[in-house]
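Here are my notes for someone opening this one for the first time. Have the model on screen while you read, and click along as you go.

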Amino acid sequence: MKKSHPMRRVVLATAATVSGIVLLLALKPDSDPDASAAPAPGAAAQEAAQGGAGAPVNGAVTGDAADTQYGAVQVRLTVADGKITKAEAVQAPKGGQSDQITADAVPKLNQAAVAAQSADIDAVSGATYTSAGYKKSLQSAVDKMKAGAGPQQGGSGTAPASVTGTFEGDAAQTEYGVVQVRITVKDNRITKSEAIQAPKGGQSDQVTANAVPKLGQAVVAGQTGDIDAVSGATYTSAGYKKSLQSAIDKANASATSGAQQGGSGGQQDGGGGAEQGQGQEQGQEQASGTFTGKAEQTQYGVVQVRITVSGGKITKAEAVQAPKGGQSDQITANAVPKLNQAAVAAGSADIDAVSGATYTSGGYQKSLQSALDQAR
């Protein structure tokens with residue numbers, strides 16, 4: 001009769017669950033001929049504890065961009081069961097003679113990477129610089145893949161954190177203005193994708209109003225950053241995808257971090273509940289990141305606050321939306337800086353309204369409180 005090994009089953013289940021969390025958000029963007037392709041997030045956590053079986057590496061891993069004399073080269077790997085099944089250049093030199101060299105060299109380099117299962121590949125004749133950049137980015141991707149597959153410390157059975165929260169991508173500059181995307185994630189699924197900044201003014205207003213909702217719907221529907229550009233909004237689409245990928249990367253980082261924090265907390269036995277509660281409290285005090293509150297409608301327009309938190313303290317507060325037009329411009333210009341300063345000084349939403357800006361102050365406080373709730 002076989003002996004059951006409950007601890008081993010728990011370890012295996014944990015490794016599989018961790019892999020599942022990260023892979024749900026391991027979204028890969030496509031390359032856009034009008035803009036640099038956004039990097040895909042790192043592949044998931046893998047292989048179990050030393051000496052034990054674990055989930056093999058699966059997902060997409062993007063190497064660092066490598067600058068060459070003729071342009072940047074960046075390689076993305078698709079990995080299944082710990083093996084490279086596809087290699088592609090999401091960035092490569094282009095323009096003039098570079099187009100021909102890239103078209104000839106990159107497919108050969110891709111094939112070589114899959115065949116070698118490493119970055120130890122030969123340069124393509126006539127494409128020395130592109131080959132060198134490719135190998136450098138490829139090695140970076142391989143290193144990330146190996147780091148993701150590293151052994152997990154400890155063998156206690158702990159449930160990884162479920163990713164829920166709001167993540168803002170970096171602002172992406174386009175020819176017609178800045179695009180910045182925020183995604184809302186609940187239980188590892190993107191439930192909302194929106195542009196908190198987008199080109200505006202003149203024809204841009206119409207283009208933005210048409211394109212942004214479609215891009216947001218595509219993200220939620222596909223649960224991926226690999227979305228098509230909206231016809232007639234090439235630049236806005238490219239900026240959206242770039243900022244979106246940045247938000248996804250932050251969500252992935254949160255997933256991995258949450259799983260690791262859960263692992264250490266799970267080693268507490270018996271009376272460890274109190275210690276675990278204390279650890280959570282300390283984690284709140286040390287919160288770091290950017291958090292955007294809910295948009296609050298006021299009589300004169302929407303107010304929305306974003307805070308930057310470092311070591312559990314508000315280091316910056318700003319209004320990403322505020323009433324504008326007519327007299328509202330003057331009121332906003334006077335009130336918002338004072339509210340920002342008050343938020344940082346107080347470290348809370350318990351701040352006084354600015355005289356003459358009652359409605360704006362009220363909306364600011366509500367959105368600020370929402371941002372603080374997220375940070376906690």
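1. Start at Tyr70, which is partly exposed, with a relative accessible area of 48%. For reference, buried means under 20% relative accessible area, exposed over 50%, and partly exposed anything in between, using a 1.4 Å probe and protein chains only. Tyr129 also counts as partly exposed, at 43% relative accessibility. A search of the whole structure turns up three aromatic pairs. In one of them, the ring centres of Tyr70 and Tyr129 are 5.6 Å apart and the planes sit at 65°, so this is an edge-to-face pair. Tyr70 is in the loop between strand S2 (66–68) and strand S3 (71–80), while Tyr129 belongs to helix H3, so the pair ties together parts that are 59 residues apart in sequence. The rule for pairing: rings of Phe, Tyr and Trp (its six-membered ring) pair if their centres lie within 6.5 Å, and planes under 30 degrees apart count as stacked, over 60 as edge-to-face and the rest as tilted.

2. Before going further, a word on what you're looking at: this is a predicted model, where local features need pLDDT of at least 70 and side-chain atom pairs count only at pLDDT 80 or more, while totals for chains, interfaces and linings use all residues. Residues are numbered from 1 along each chain as its sequence is written, and side-chain values use heavy atoms, with hydrogens and water left out.

3. Now look at another edge-to-face aromatic pair, Tyr300 with Tyr359: 5.5 Å centre to centre, with 65° between the planes. This pair links distant parts of the chain, with Tyr300 in the loop between strand S10 (296–298) and strand S11 (301–310) and Tyr359 in helix H8, 59 residues apart. Tyr300 is partly exposed at a relative accessible area of 49%, and Tyr359 is partly exposed at 43%.

4. Stepping back, the chain has eight helices and 12 strands; helices (H or I, at least four residues) and strands (E, at least two) are DSSP runs, numbered from the N terminus. Of its 376 residues, 42% count as buried. Take the contacts between residues at least 6 apart in sequence: 53% of them join residues at least 24 apart. Contact here means heavy atoms within 4.5 Å.

5. Helix H2 deserves a slow look. With 20 residues at 1.5 Å a residue, H2 should span 28 Å, and its end C-alpha atoms are 28 Å apart, which agrees. (The expected span is 1.5 Å times one less than the number of residues.) H2 bends by about 25° at Ala103, with a proline, Pro107, following within four residues. That bend is the angle between axes fitted to the seven residues ending there and the seven starting there.

6. Which residues of H2 are buried? They are Ser98, Thr102, Ala105, Val106, Leu109, Asn110 and Ala113. Thr102 has a relative accessible area of 14%. Not counting residues up to four places away in sequence, Thr102 touches Ala92, Pro93 and Pro107.

7. Just after H2, Gln117 takes a positive phi of about 55°. Most residues other than glycine have a negative phi. Gln117 sits in the loop between H2 and helix H3 (128–148) and is partly exposed, with a relative accessible area of 33%.

8. Compare helix H4 (residues 203–222). Its 20 residues should span 28 Å, and the end C-alpha atoms are 29 Å apart, which agrees. Its buried residues include Thr208, Val212 and Leu215. After H4 comes Gln223, with a positive phi near 55°.

9. Strands S7 (residues 177–186) and S8 (residues 189–197) pair in the antiparallel sense over seven bridges; strands pair if DSSP finds at least two bridges between them. Arg182 has Glu194 in S8 as its bridge partner. The two strands form a hairpin with two residues between them, and Asp187 in the turn has a positive phi of about 50°.

10. Last stop: is Ile351 buried or exposed? Ile351 is buried, with a relative accessible area of 7%, although it is placed in the loop between helix H7 (327–346) and helix H8 (358–375). Leaving aside neighbours within four places in sequence, its contacts include Leu339, Ala346, Tyr364 and Leu368.
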